[in-house]
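Have a look at the sequence and the fold, then read on.

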Amino acid sequence: GLVESKASAAGKSLSATTRVARDLAKSLTGSIEGAAAVTTAAQELGYTDTEPLERMSRLMVEMSAATGSSGPAMAAGLQQMARSFGQLPEPRYIESLSDAVVTMSAKWGGSADQVAGFAANIAPFAEAVGMSETAVIGLSTQFSRMGETGFRSATAINKVMADIERSLRE
């Protein structure tokens, strides 16, 4: 029908999306609406092939369940962070970053989606000064604990890291 032709014209596979959403509804979310929302969010992040779409959709649901935070927001922040570190945002890599975020936010406190978002904001400068992804997540966790995950805090940290990077070049 019309929906299938629009999906095809957009380069999307409606049947894969529908299957992933149904599988999620059965196994994890309990509702087709919740599963469809997560699957759509994964597609919006660029995961359109069946296997990566399914893996990222499941990861988003698991991140939400583990942290009480927004799985799609966490995935978007982690995807941006991965790119800052020169990594392809493959589902396995995003999953390893999410494991670190979930572990650190559970151990030290802070909002997991805010940790992921703050980490994405400071990752470009952090990578330039040689910080690892785990160190960035740890620093972001500490800022989240203090309630300081906004752009002003990220800008201040980035300025400090830019100063460090500049002094290393001199």
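Let's start with some ground rules for helices. Helices (H or I, at least four residues) and strands (E, at least two) are DSSP runs, numbered from the N terminus. The expected span of a helix is 1.5 Å times one less than its number of residues. What we're looking at is a predicted model, where local features need pLDDT of at least 70 and side-chain atom pairs count only at pLDDT 80 or more, while totals for chains, interfaces and linings use all residues. Residues are numbered from 1 along each chain as its sequence is written, and side-chain values use heavy atoms, with hydrogens and water left out.

So what is it made of? The protein has nine helices and zero strands, running α-α-α-α-α-α-α-α-α from the N terminus on. Of its 170 residues, 39% count as buried, meaning under 20% relative accessible area, with exposed being over 50% and partly exposed in between (1.4 Å probe, protein chains only).

Take helix 9 (residues 151-169). At 1.5 Å a residue, its 19 residues should span 27 Å, and the end C-alpha atoms sit 26 Å apart, which agrees. Its buried residues are S153, A154, I157, N158, M161 and A162. They pack against helix 7 (112-128) and helix 8 (133-145).

Now for the inside. A nonpolar core here is a set of buried Ala, Val, Leu, Ile, Met, Phe, Trp, Tyr and Cys residues joined through side-chain atoms within 4.5 Å. The largest one has 37 residues, and M56, M60, L78, M81 and I137 touch the most other members. Among the elements giving it two or more residues are helix 3 (32-44), helix 4 (50-67), helix 5 (71-84) and helix 6 (91-108). Helix 7 supplies the largest share, eight residues. In soluble globular proteins, nonpolar side chains tend to be buried together.

Two residues make handy stops. The table shows what they touch, where contact means heavy atoms within 4.5 Å.

| Residue | In contact with, leaving aside neighbours within four places in sequence |
|---|---|
| M60 | V38, A41, A42, L45, G71, P72 and A75 |
| F143 | F118, E148, T149, S153 and I157 |

Is F143 buried or exposed? F143, found in helix 8, is buried, with a relative accessible area of 16%. F143 and A119 are 24 residues apart in sequence and 9.8 Å apart in space, C-alpha to C-alpha.

Zooming out, among contacts between residues at least 6 apart in sequence, 62% join residues at least 24 apart.
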